[in-house]
Amino acid sequence: MQKLNDKQTTLKVSAQKKILEQQIRDLLKKRECFLEDLSLETDSSGTIIQIEVTVSEIKTNEKDHMQIGQDELKKYLEEQLSSTCKIIVIFKDR
């Protein structure tokens with residue numbers, strides 16, 4: 001029975017991650033950023049308690065720099081996702 005519950009929790013988290021990943025990709029596209037990586041931390045019931053997002057910005061030339069800061073992007077994601085979990089945003093150079 002426990003193995004079945006664990007499998008259901010794993011499937012639930014996997015489905016949530018796919019949906020969340022697409023939502024974040026869509027949101028980041030509006031801010032001219034790419035989603036490089038998405039990590040979720042869940043509790044034992046499969047509830048997401050932390051999201052770690054690694055992003056890079058679309059650059060049109062080498063002189064461009066980040067048009068949005070980490071704090072601004074974090075706040076934007078929190079507002080758009082209406083999430084109560086902790087969100088960590090990491091910028092990666094492309």
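Visitor: Which residues have the most contacts inside the largest nonpolar core?

Guide: They are Ile24, Leu28, Ile51, Val53, Leu73, Leu77 and Leu81, in a core of 18 residues. A nonpolar core is a set of buried Ala, Val, Leu, Ile, Met, Phe, Trp, Tyr and Cys residues joined through side-chain atoms within 4.5 Å. Helix H1 (2-30) and strand E1 (33-42) are among the elements giving two or more residues to this core; helices (H or I, at least four residues) and strands (E, at least two) are DSSP runs, numbered from the N terminus. By the way, this is a predicted model, where local features need pLDDT of at least 70, side-chain atom pairs count only at pLDDT 80 or more, and totals for chains, interfaces and linings use all residues. Residues are numbered from 1 along each chain as its sequence is written, and side-chain values use heavy atoms, leaving out hydrogens and water.

Visitor: What makes Arg25 and Glu21 a salt bridge?

Guide: Their side chains meet at 2.8 Å, N to O. The rule asks for a side-chain nitrogen of Lys or Arg within 4 Å of a carboxyl oxygen of Asp or Glu, so the pair counts. Both sit in helix H1, 4 residues apart.

Key. Buried < 20%, exposed > 50% of the residue type's maximum accessible area, 1.4 Å probe, protein only.
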